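Look at the sequence and structure first, then read on.

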Amino acid sequence: MIKKNSNKETPVHSMVIEDATIEEICNIISGIKNTKAAGIDGVIIEHIKGSKFNSSIMISKLIEKIVQQEKWPSELKIQVLRPVYKKGIKNDINNYRPLSLLPQLDKIIEKCFANHITDFLNENKLLNKNQYGFRNKCGTHTILQEVNDKVTAALNSGMFVGTILIDLSRAFDTINYDILLKKM
């Protein structure tokens with residue numbers, strides 16, 4: 001729903017979370033990869049997939065309750081943290097990254113909300129056209145194709161082309177978390 005402000009120049013967008021349909025939740029459940037990794041509840045996705053329709057009914061009622069109460073159930077916030085080896089010396093704690101395992105139910109509900117938010121952003125054209133990450137049918141291949149097209153066009157026009165590349169593979173390892181927490 002789009003509402004115009006009093007100036008009638010700039011649209012003000014307001015989002016209403018609609019009820020999740022059983023079909024939508026069934027599709028989300030079907031799309032989750034099978035894994036033996038379980039959250040604090042011990043439930044693996046295969047259990048939910050085994051009773052997908054009945055689970056979807058229960059999950060849709062839970063989502064409706066979350067929206068009504070405007071509160072996320074605290075039980076769904078509990079994570080199991082597991083260290084995952086990256087590379088280097090295995091005895092060095094800095095060579096591990098944390099893996100957070102959430103309850104499967106939480107993943108399904110979050111995906112449902114994410115789908116609704118994404119639909120809203122796309123329908124109202126609120127994302128920048130240069131936003132490539134975390135969008136359907138957009139990713140590294142899309143940006144690489146666009147950069148390649150621009151470089152080729154510039155070279156064909158006799159222009160000089162330069163690039164600056166930054167390796168961010170360990171970017172999160174260099175963050176000072178105390179400063180980040182203070183700023184947040």
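**Helix packing and core**

Helix H1 (residues 22-31) and helix H4 (residues 104-123) have axes that come within 10 Å and cross at roughly 115°. Axes are lines fitted to C-alpha atoms, for helices over the stretch in contact, and angles run from 0 to 180 degrees between N-to-C directions. Helices are DSSP runs (H or I, at least four residues), numbered from the N terminus. This is a predicted model: local features need pLDDT of at least 70, side-chain atom pairs count only at pLDDT 80 or more, and totals for chains, interfaces and linings use all residues. Residues are numbered from 1 along each chain as its sequence is written, and side-chain values use heavy atoms, leaving out hydrogens and water.

**H1 with H4**
- Glu24, Ile25, Ile28 and Ile29 of H1 meet Ile108, Lys111, Cys112, Asn115 and His116 of H4; contact means heavy atoms within 4.5 Å.

**H3 with H4**
- Helix H3 (residues 52-69) packs on H4 at an angle of about 65°, with the axes 11 Å apart.
- H3 contributes Met58, Ile59, Leu62, Ile63, Ile66 and Val67 to the contact, and H4 contributes Leu105, Ile108, Ile109, Cys112 and Phe113.

**Nonpolar core**
- The largest nonpolar core has 16 residues. Such a core is a set of buried (under 20% relative accessible area, 1.4 Å probe, protein chains only) Ala, Val, Leu, Ile, Met, Phe, Trp, Tyr and Cys residues joined through side-chain atoms within 4.5 Å.
- H4 gives the most to this core, with five residues.
- Ile109 touches Ile59, Leu62, Ile63, Ile66, Trp72 and Leu76, leaving aside neighbours within four places in sequence.

Methods: Helix = DSSP H or I, 4+ residues; strand = E, 2+ residues; numbered from the N terminus. Buried < 20%, exposed > 50% of the residue type's maximum accessible area, 1.4 Å probe, protein only.
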